[in-house]
Structure formats: structure tokens, C-alpha cells
Amino acid sequence: MVTCGVCKTDNDEFAIVCRNCKSYIQNRIPNLDFFATVWKVIESPRHAFHDITLAEHKNYSLLLFALFGIGLSYTGFWYFQLGSRFESLLDLLAKATAIGVVLGFVCAILFTFLFDLVVRILGGKGALRNSLGILAYATTPVSLTLAMILPIELLSFGMYLFTSNPNPYLIKPGLYVAFIFFDSAMALWAFGLSIIGASVSKQLSMAKSFVAALVTTLLSLGILFLVAKDLVRYI
Ligand SMILES: [Zn+2]
């Protein structure tokens with residue numbers, strides 16, 4: 001709730017103008033700045049998701065989903081051990097990146113619609129494009145992983161990251177376990193951000209937000225995994 005400073009009427013959390021006296025009760029946000037918003041998501045997620053919901057344009061949502069898709073694609077190449085099918089690491093990275101961008105757009109649609117549906121069933125508020133913006137910025141930790149952890153992983157293991165002969169665990173066990181721990185922690189952070197995003201933007205309780213994030217993540221990743229299992233032989 002936002003209380004009007006002029007007439008003291010209670011307004012919706014995301015109202016710009018008071019519904020009673022038409023005074024401005026909070027600033028319009030026409031656009032989102034990429035780095036400023038990403039930084040805010042890290043530093044103060046509740047404020048960030050408030051701004052993202054208020055923003056008229058959910059700028060960079062598709063870019064963030066494309067980066068998320070690339071992260072997911074690399075994870076798939078690692079999980080299905082696709083390294084042996086490529087001449088060089090560069091070939092593998094080029095293909096995994098291209099597939100990742102497409103995967104990112106598929107994720108944008110799949111995650112957004114599922115999330116919005118679950119949120120609606122749970123009694124949440126707000127437009128579909130808010131769901132897109134919230135989920136896109138919730139993937140920020142995955143982009144950070146791509147930019148900061150993946151290059152170190154590639155420098156440490158190279159192609160062995162994507163092959164099982166020998167298993168990368170046998171090459172540098174401590175480092176390999178540390179990387180898996182870091183990547184999992186970043187994924188959990190993204191999951192946590194989507195819970196906060198749902199509670200702020202969709203005005204749900206934390207318990208319902210958790211359910212919305214969990215159902216969306218499990219269903220989306222489950223569908224993608226089943227499809228990937230069949231498609232992986234064409235790579
Ligand atoms: Zn008013």
C-alpha cells in the first residue's frame with residue numbers, strides 16, 4: 001500500500017497517481033538501466049523488483065533470458081557429456097552459445113507463462129509483462145556465473161569439462177567440487193530472487209511466492225530436460 005500524502009487515501013503498491021485526488025504518489029519509471037538494475041538486484045532485491053514492476057518498459061529482459069539460456073545450454077553440454085562430438089573447444093562453445101540464445105527465448109516464453117498462470121491461481125496481481133521482467137532479472141546470478149566463474153572453469157578444465165574420459169573430477173577433484181558448489185549456489189540465489197520477485201511484484205505471501213517459484217522452475221526445467229534428452233542426439 002502507498003498512502004497519498006495529500007488526501008491520505010490508501011493506494012495500490014504500484015499506483016503512480018492517487019485514485020482519489022489524482023496527485024502523484026510515486027515517480028514514473030519509463031526505462032530500466034541495465035547495470036544499475038542488475039546491481040540493485042544484487043544489493044537490494046526488494047527495491048529492484050519494485051522498480052522493475054513499476055517500469056513501463058522491462059528493458060533487457062530478453063537479453064537476460066538469452067544469457068540464462070546460454071548458461072543452461074552449457075550445463076546441458078556438461079550434463080550430457082557432448083564434448084567428444086566436437087573437434088575443438090571453440091566449436092563446442094560456438095554451438096552451445098547459439099543453441100543457448102534460442103533456448104533463452106524458449107525459456108522466456110515457457111517460464112513467464114507458467115509463472116504467470118501459477119501466480120494467478122495463487123491469487124497474485126499484476127500484468128504478464130511484470131512476470132517477464134521479474135523472472136528475467138531474477139536470473140542475474142546466472143549471468144554473473146557466465147561472466148565470472150565459467151571462464152575460470154574453462155581455463156582450468158578446457159574440453160574435459162564436457163567429456164567423461166577422464167572424468168574432470170579425477171583431474172582436479174577439489175576444484176571440480178568447488179565449481180559445482182559455486183554454480184549450484186548461484187542457481188539457488190536465482191531461485192531465491194524469483195521468490196522475492198513474486199512476493200514484491202505479485203503481492204503474494206512468501207509461502208505462496210515459494211510455491212510459485214518452485215512449481216515454475218520444476219515444471220519448466222522438467223519439460224526442457226525431457227525435450228533435450230530426445231534432441232541431444234542431433235548435436
Ligand atoms: Zn490523494
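**A walk through the helices, from one loop outward**

Gln 203 is partly exposed, with 19 other C-beta atoms within 10 Å. The scale is simple: a residue is buried if 20 or more other C-beta atoms lie within 10 Å of its own, exposed if 12 or fewer, and partly exposed in between, with C-beta atoms placed from the backbone. This is a predicted model: local features need pLDDT of at least 70 and side-chain atom pairs count only at pLDDT 80 or more, while totals for chains, interfaces and linings use all residues. Residues are numbered from 1 along each chain as its sequence is written.

Stay with Gln 203 for a moment. Its phi is near 55 degrees, a positive value in a residue other than glycine. Gln 203 sits in the loop between helix H8 (173-201) and helix H9 (206-231). Helices (H or I, at least four residues) and strands (E, at least two) are DSSP runs, numbered from the N terminus.

Now the whole chain. The protein chain holds nine helices and two strands. Read from the N terminus, the order is β-β-α-α-α-α-α-α-α-α-α. The C-alpha trace spans about 70 × 30 × 30 Å along its principal axes. Of the 235 residues, 35% are buried. Among contacts with a separation of 6 or more, 66% join residues 24 or more positions apart. Two residues are in contact here if their C-beta atoms, placed from the backbone, lie within 7 Å.

The domain assignment gives domain 1 (1-29) and domain 2 (31-234). Such bounds come from an automatic or database domain assignment. Taken over C-alpha atoms, the centres of domain 1 and domain 2 are separated by 35 Å.

Start at the strands. Lys 8 lies in the loop between strand E1 (2-3) and strand E2 (10-11). Lys 8 is not a glycine, yet its phi is positive, about 65 degrees. Lys 8 is exposed, with 10 other C-beta atoms within 10 Å.

Next come the helix pairs. Two packed helices are described by the angle between their axes and the distance between the axes. Axes are lines fitted to C-alpha atoms, for helices over the stretch in contact, and angles run from 0 to 180 degrees between N-to-C directions. Helix H1 (residues 34-43) packs with helix H2 (residues 45-54) at an angle of about 140 degrees, and their axes are 6 Å apart. That makes H1 oblique to H2. Angles under 35 degrees count as roughly parallel, over 145 as roughly antiparallel, 65 to 115 as roughly perpendicular and the rest as oblique. From H1, Thr 37, Lys 40 and Val 41 meet Pro 45, His 47, Ala 48, Asp 51 and Ile 52 of H2. By class, this contact of H1 with H2 has four nonpolar, two polar and two charged residues. Ala, Val, Leu, Ile, Met, Phe, Trp, Tyr, Cys and Pro count as nonpolar, Asp, Glu, Lys and Arg as charged, and the others, Gly among them, as polar.

Helix H3 (residues 61-79) follows. Its 19 residues reach 27 Å from first C-alpha to last, close to the 27 Å expected at 1.5 Å a residue. The expected span is 1.5 Å times one less than the number of residues. Of the 19 residues of H3, 14 are buried, so H3 is largely enclosed by the rest of the structure. Just after H3, Gln 81 takes a positive phi of about 50 degrees.

How many of the eleven residues of helix H5 (residues 128-138) are buried? Nine are, so H5 is largely enclosed by the rest of the structure. Its buried residues include Leu 132, Ile 134, Leu 135 and Tyr 137. The buried residues of H5 pack against H1, H2, H3, helix H4 (89-121), H6 and H8.

H8 has 29 residues, which should span 42 Å, and its end C-alpha atoms are 42 Å apart, which agrees. Among its buried residues are Phe 179, Asp 183, Met 186 and Leu 193. The buried residues of H8 pack against H1, H2, H4, H5, H6 and H9.

H6 and H8 pack at an angle of about 170 degrees, with axes 9 Å apart. H6 and H8 are therefore roughly antiparallel to each other. On the H6 side the contact includes Val 142, Leu 144 and Ile 149; on the H8 side it includes Phe 182, Trp 189 and Ala 190. The residues of this contact divide into eleven nonpolar, three polar and two charged.

Pro 166 is found between helix H6 (140-157) and helix H7 (168-171). A cis peptide bond joins Asn 165 and Pro 166, with omega about 0 degrees.
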